[in-house]
Each structure stands twice: as structure tokens, then as C-alpha cells.
Amino acid sequence: MAHIFSVRFHPSRVALAAAALLGSPWAAAQSSSPAPPAAPAAQLAPVIVRGSTLPVASVSGWGDIPLAEVPVQTRVITDAVVRDLGAHRLADLIGQDASVSDAYNTEGYWDYLTMRGYGLDNRYNYRRDGLPINAETSIPLENKAGVELLKGLSGLQAGTSSPGGLVNYVVKRPLATPLRSVSLEWRQAGSVSAAADLSQRFGTDQAFGLRLNAAAARLDPLLRSTRGERSLVALAGDWRVSPDTLIEAEIERSRRSQPSAPGFSLLGDRVPAPVDPRINLNNQPWSLPVVLDGTTGSLGWQQRLAADWRLRATLATQRLHSDDRVAFPFGCTAEDGTYYADRYCPDGTYDLYDFRSDNERRRTDVADLSVQGKLTTGALQHALSFGMQHSRVRDRFQRQAFNYAGSGNVQATAVVAAASDLTDEGTDRDERSTEVSLRDAVRLGERFTVWGGLRHTRLARQSVRTDGSRATDYRQSFTTPWLAASYAYTPGSLVYASWGKGIESEVAPNRDRYVNRSEPLAPLTSRQTELGVRSAAADHDWGLALFDISRPTSADIGACDVAGSCVRQFDGTAHHRGMEANVAWRPGRWNLQAGAQWLRARREGSQTAAINGLEPTNVPARTVRLQAQYSFASVPDLALQARYSHESSRAVVPDNSARIDGYGLLAVAMRYESLHDGTRITWRAGVDNLLDERAWKESPYQFSHAYLFPVAPRTLRLSVQIDLR
């Protein structure tokens, strides 16, 4: 299947091929008489589903219960917002929520996020239409109806996951009305992309639906030495077999080929001034692009069993192929022989390594079965859900290169020879997981609801080096409960309290230095308590949440320098307490939004007393997001937008001996719509980082090394979208 969509295509041919597939709607549109403005098409809601996917926020795990009634903190970023932002990847959406920040985001690589100060695990904290996927790849947004964020603990929604939250991509499905949309975008310095979004229903009673999304781009950003390309073809279809039965199928094929850009670092003990953000340290003559290919698809069946009960069964698969290559800076050896293990030398030099890991293959298969419904027992009304999910992960790697190639510098002027010999082994991984879940929302009268749920997980994991050495094999079972109570003090207003657990699973590395090598640790059980209140009305909504999350941490205890000198074990907790607030107000022609998070994240209970009370790296204590949009009365189809994001200072290294300053970014944009003979044309223009702020935007401590990434320079973008009716 992966080879079916491997043919390259030109952006200008996307719309023509798609139109032919759906019966030449372009010609029909040209021959029709002028039509009045049509309302934007909405995501199709099958007759057996109450409400559309996005307002319900399926990532919450509570089925069709409206988002405003569920006692969890979520954020839904719709496709319309994505288009206004000119976003093409998840990292482009970080400014939409104050609880989300960068965790190692660079051009040409996959996205890393933190939520509530915890880094999301790319293998366990991402979903696609509610089913688990591996996010160690590039995930396009052109065929996504939106992105849902669940903030906080996710033990009820996922078997194993980081306590920060979940990200769920919602796939575009056939619409109730025809859609013919094409777009073209230009972005500094010379990136050009084209996309098409076509939807059509046909057959008796419009029983069949198809939606095709296609995109292609030439990538030429302001960051030097990162020219590349990307493409996407996605097809979704459905069949309304009867008013009670719906069958859905979809598949997407994406590819991104682009050199990545490693981070800068401390210069000795000094935090350097922010550098020219166009400099790329991966600029050797032998530097190769990172290639990320992905094929993902699903087949689903929904069946109404009774008036308030339905069954849903889904099979999904994801197959990823990656070539990960980079000229990688890592530590340095100074002229006096001093070795800096986690930073660069004071003079700006560093050790440069030739890293190559080709033909990485990752596969995830999921089978999911759930039954949802409502029943009444006496005075109690229940919203019940039973689910079973089985997933299988198979990751295969080859021998890889990670070889010293020479000395580089932060001016990116050094040229060294390649060192591409495959001298290191990869690690193959297999995992099987079976999860059973039960949820019940018990309504006591009109205002009070008690929520409860649990998920039981049986987990089996194996790993082995590509030469057959260092094999590990372990099995674990655990149950993650969640409880909440909510009170609707007025219509549309809710106050709630919740408590829950989450699980992560870890095994001691199979290396001679570890006394307990290859042995699994007891499951790392996180706990969260949350208090919240929110209100929604026609012209405003607001919310406030207080949360307290405690996550166990593991560490290497001992000298760890010779065989049998080290033990991997629990070593205290990462304790995050915080408050997040958000408000949206829509007075007249204004649309105003604001969000903020205050976070106190600390290390507690470690055997190393010196680190207790310290902050984690790359976690700002304060984050603010502000947005404003104004639509002109004299020109009703013209809207001006402004966005401001602020993040406070953050630690660079675990001992908190170095910090980067906080920063603020301003962006402006406009949108203008016009109608010509039934064709709606939408023009968009925007300037990101309007004031060309120079700052370090993040400080991830990744791969036992401190890295610094600069804020992207001021960037202009222009686009046009044409919708035929």
C-alpha cells in the first residue's frame, strides 16, 4: 500500500485531477448562473451521531456529551483557525493555548510539545480520530478538520502516556454539501504550496460521500540550508447504508524531505546572546535531508442498536518510513583538554558528529470496539461507555552512524569530512497492549453529575539490538481510575472537581553498568487533582482551572562508570502545580481571546538533595496568549487580526545554573473575502514576529545535552483560497 501513492505530482495538477475524480464540478460551476452566498460547509454528522466531532471534543473520551458539560480542560483548534494562521504543522499552533509550549521544535523534523510543563511522549500521547498513533513523523494538517488538546492527566483515555495531556488529530470526512476549494500560499523566503479540498455526495439519497485532500509544497524558509519539499494525498469516504448504519474508510499518504536544523547551546557556563535565526549548523556539504514518509488509514463501522445506544468498531493502521540524518553538534573538547559533555566550548566550537539512521520503519495497528448509550435507573440518568482496544507496535531499525567528524562553530563556517560508517546498532521494539475501559456519567437531577471511569491495561514489550544483543522482555498490568463531580450552577455554567491516575512504563537499560539491567521498574503512577469553573454564552465564554500533578521520576543512582556500579530506580517526583485561565468575548464586530497559565514546577524527594526544589528545564512559569480580531462595518468581509504570545524565563540545565530570558512575540494578519459569480475568494496575509524579536524561544535538555533554539525571524506570508459553489 505504501507504494501506491509514491508518485510525485505537481501542485498545479492537484485541483484538475481531483475535479475529474468528482465529476468535473469546475465546468459545472462555470456554466451555472450566479448563486447567492452560501454558508460554509459543516463537518457531516451521520444520523447515528449526535452533534459534530469537533464541538464534542472526542479526545475527552466522553462520546457525544457536549464539551461544555464535561469536567476536563480541552482546546479545539478548528480548520478555519489553521487556515488563518497559515499553519502546516502542530508546532505552528502552539500560540493558541497557554498550557502548550515548545519542547524541541526545529525545521525539518517532527514536533515536540510540553503541556502543563510535562513533555508529551511522541509514541504514546498522540491520537488520530481517538486512536493511538506514533508522532515520530511529520503529520500534515491539510486533511485535518481540527486538532484537539486534552490538558492534564490522560490515564482514562490512554493506557500509558505522559501526564501532560493528549493531542488528537480529527480527519476531514465527506460533508453534507459539495465543496470545491483550492488554495495557493507563498511564504518567505520562497516557500510555495498548493492544496485542494473537494467533497461530494452521490447515489440514492446521497448515501455515498467522498472527500479528497491533496497538497504539495516547495520548502524554502528563511532558515538557511533547509530547502525541501512535502506532499499529501488523502481520501475519505463513507456509506450511509441505512439510517442506523454508517461505514467509513479513509487513507492518507504524506511525505516530507527537508534538512533539519540542530540547536545552539551554552558557551561554557555562559548563555550567549540570541544568534541570527537564519544560521543552520547543519550545513555541511554532505548533509542530507530528513525524509519522513507515512501511510495511515482506517475502516470504521457505526451501528445504532437502540434509540440511545450505538456500537462503533474501527480498524486502523499506520506505517512510517524515515531516514534520519544530520550533522549533529554534541559537546566539545577545548584546547586545554577540558571536555564539555552537555554544552559547547566557551569559544563557540563544538564536536560535530555525522548521524545517519536510514530505513527506520514504524508500524502501529489498532482494533477498537466500543458501545455507548444512555439508560435510567430510578431517579438516576446514566451515560455509559464500554470499550476494548488492542494495539500492536512493531519498530524496526538498521545499523546507524554516530561518528565524530570534526570541530564545528556557531558561525557555521567550518567544513569537515563526512564520517558515514555504520558503527552503531539500532534497537528494534515490539509492543502489544490490550485495554478495557468503562465510563459512567450519572446525572442526579438537573444540575449535579458524578463522573467515573477506569481503564485496565495489559502490556507486553520486547526490545533487542539489531545484532541480537541486549534483549529485554517484560509484561505489566495496571488500572487507571478517574473520578469527578460537576455542578451546573446556571445554564451554560459549570463548576467541577476531578481526581485521576496515569501510568508510564519503564525498563532499566540493558547495559553492563546497571545492576538491574533489563528489569522493568514498577509502573510510574502519576496523580492529578483539578478544580475548575467555566461559563459559556452567546457572546462570551471563560474558564479557570487549578491543577496539581505529581509524576514519579527515575534516575541512575551510583557511580555509573564501571560494570555493576549503577541502579535505575525511582528518585522522587516532578511536582507541577498551576492555574490556567481563558476568556473569549465577542462584542459587536470584535472577537477577543485571552489565555494565561501560571505554573510552579519543582523537583521533590530526590536522593540528590541539591536538585530538590529546582525547576525543570525548558518550562516557563508564566505563559500568556492574546488574540484580537475586528470586522469592519464599512467592509464587512474584511477582518484584521493580531496575536501576542509571552513566555517567561526558563532553566537551561537541570541544576538551574543558567537561564534564558522571557520574550514576547507579536503577529498581525488580515482576511478579505469576496464573491464573484458564485465563487468565493478569500485573501489572507500575515506577518509573524512583526517586530523581528531576537530571543531564545526554548531550551530543551535533550539527549543529555542543553540546546537553545532562536525565535524565527520576521516572516511574511500571502495566500489565496478559491471556493466554488
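This is a predicted model: local features need pLDDT of at least 70, side-chain atom pairs count only at pLDDT 80 or more; totals for chains, interfaces and linings use all residues.

Colleague: What does the radius of gyration tell me here?

Modeller: The idea is to compare it with the value for a compact globule. For 725 residues that value would be near 27 Å, and the protein chain has 26 Å, so the two agree. Along the principal axes, the C-alpha trace spans about 80 × 60 × 50 Å.

Colleague: How should I read contacts along the sequence?

Modeller: Ask how far apart the partners are in sequence. Counting contacts between residues at least 6 apart, 66% join residues at least 24 apart.

Colleague: What share of the residues is buried?

Modeller: Buried residues account for 55% of the 725 in the protein chain.

Colleague: Where do nonpolar side chains tend to be in soluble globular proteins?

Modeller: They tend to be buried together. Here the largest nonpolar core has 40 residues, and Phe264, Leu281, Tyr344, Tyr350, Val652 and Tyr707 touch the most other members. Strands β14 (290–306), β15 (309–329) and β18 (349–377) each supply at least two residues of this core, and β18 gives the most, with four. Another core, of 20 residues, lies apart from it and includes Leu113, Leu120, Val147 and Val167.

Colleague: Which residues does Val652 contact beyond its neighbours within four places in sequence?

Modeller: Among them are Leu266, Thr617, Ile660, Tyr701 and Leu708.

Notes. Residues are numbered from 1 along each chain as its sequence is written. Side-chain values use heavy atoms; hydrogens and water are left out. The radius of gyration is taken over C-alpha atoms; the globule rule is 2.2 Å times the number of residues to the power 0.38. Buried means under 20% relative accessible area, exposed over 50%, partly exposed in between (1.4 Å probe, protein chains only). Contact means heavy atoms within 4.5 Å. A nonpolar core is a set of buried Ala, Val, Leu, Ile, Met, Phe, Trp, Tyr and Cys residues joined through side-chain atoms within 4.5 Å.
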